[in-house]
Amino acid sequence: MRLEFVDANHVYLNGERLHKKRGRFVDFDRLILYDNKHIVKIDMSGNNQSLIEWKKWNEFCDNHKKFFVPIIQFGNIGKFDYVIMERKRFKQKPKPMRHPEVKNFLEVLEFYELRWDADIDETCGRMTNCGITTNNKILCYDYGRPVKHF
C-alpha cells in the first residue's frame, strides 16, 4: 500500500484521496482518515501511538487477535508514524452486556493491560475505544495508548 501525505487535508492511499474523520470521538493527537476498506491513523503529536499499536498487534496471541481490529501496515511518512487498519462498521447503539463474548473480551483487555482505556461501563453499557460490529463481533479499535500503572 502506498500512502502519500501532502498535508493534513490531502492524504492519499494508493492514489485515492482519503476522507477525514470528524465528530465528537476524534482523537486530537492523531489524524484519522478513511476510505471504504481502510482506516489510516497518523500520529501528529509524536506520541508514538501508532508504534505502540503495531507492537501490541504483534504481541497479541493468535486466539486474542479476534478481539482487535487488524493492522495491515505500519510505517512512517516524513516525521509521522502511521498505521493502516481494516475498516470495520460498528453498531450505533450496541448492547455489550448481551454479547456472548463480553466476559472473554474484558479478560483479554485486562491481560494486555488495556482495560483502563478500552473498556465497557457495565452499568450503562457505554463502550470506550471498542464496539460491536454490524456482523456482531466485539472489537477494540484503539489499543495504542501508553499503559498507565496506578
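Me: Before we start, what makes a residue count here at all?
Reply: In this predicted model, local features need a pLDDT of at least 70, side-chain atom pairs count only at pLDDT 80 or more, and totals for chains, interfaces and linings use all residues. Residues are numbered from 1 along each chain as its sequence is written, and side-chain values use heavy atoms, with hydrogens and water left out.

Me: How confident is the predictor in the protein chain, and where is the mean pLDDT lowest and highest among the elements?
Reply: pLDDT is the predictor's confidence in each residue, from 0 to 100. The protein chain averages 88, and 93% of the residues score at least 70. Where pLDDT is low, the predicted coordinates should not be read in detail.

Me: What makes something a strand or a helix in this numbering?
Reply: Both are DSSP runs numbered from the N terminus: helices are H or I with at least four residues, strands are E with at least two.

Me: Why is Tyr12 called partly exposed?
Reply: Buried means under 20% relative accessible area, exposed means over 50%, and partly exposed is in between (1.4 Å probe, protein chains only). Tyr12 has 22%, so it goes in the partly exposed class. You'll find Tyr12 in strand β2 (residues 10–13).

Me: Which residues does Tyr12 touch, not counting those up to four places away in sequence?
Reply: Contact means heavy atoms within 4.5 Å. On that basis, Tyr12 touches Arg2, Leu3, Glu4, Val6 and Arg17.

Me: How do you know that β1 and β2 pair?
Reply: Two strands pair if DSSP finds at least two bridges between them. β1 and β2 have four bridges, in the antiparallel sense, so they qualify.

Me: Why are β1 and β3 said to stand at the edges?
Reply: Three strands form an open sheet in the order β1-β2-β3, with antiparallel pairing. β1 (3–7) and β3 (16–17) each have a single partner strand, so one side of each is left without a neighbour in the sheet.

Me: What makes strand β6 largely enclosed?
Reply: Six of the six residues of β6 (residues 38–43) are buried, so the rest of the structure largely encloses this strand. His38, Val40 and Ile42 point one way, Ile39, Lys41 and Asp43 point the other way, and all are buried.

Me: Which strands are joined to β6, and by how many bridges?
Reply: Five bridges join strand β5 (residues 30–34) to β6, running antiparallel. Leu31 has Ile42 in β6 as its bridge partner, and β5 and β6 form a hairpin with three residues between them. Five bridges also join β6 to strand β8 (residues 80–86), again antiparallel, with Lys41 standing opposite Val83 in β8.

Me: Why are the buried residues of helix α1 said to be on the same side?
Reply: The buried residues of α1 (residues 49–59) are Gln49, Ser50, Glu53, Lys56 and Trp57. They cover an arc of only 125° around the axis, which puts them on the same side of α1; the arc is that of the directions from the helix axis to the C-beta atoms. Their cover includes β5, β6, β7 (71–77) and β8.

Me: Why is Arg30 with Glu53 called a salt bridge?
Reply: The rule asks for a side-chain nitrogen of Lys or Arg within 4 Å of a carboxyl oxygen of Asp or Glu. For Arg30 and Glu53 the closest N and O atoms are 3.0 Å apart, so the pair passes. The pair links distant parts of the chain, with Arg30 in strand β5 and Glu53 in helix α1, 23 residues apart.

Me: Are Arg30 and Glu53 buried or exposed?
Reply: Arg30 has 4% relative accessibility, so it counts as buried, and Glu53 is buried at 0%.

Me: What else does Glu53 meet in a salt bridge?
Reply: Lys41, at 3.5 Å, N to O. Lys41 is in strand β6, and this pair too links distant parts of the chain, twelve residues apart. Lys41 counts as buried at 5%. Arg30, Lys41, Asp43, Glu53 and Asp142 are linked in a network of salt bridges.
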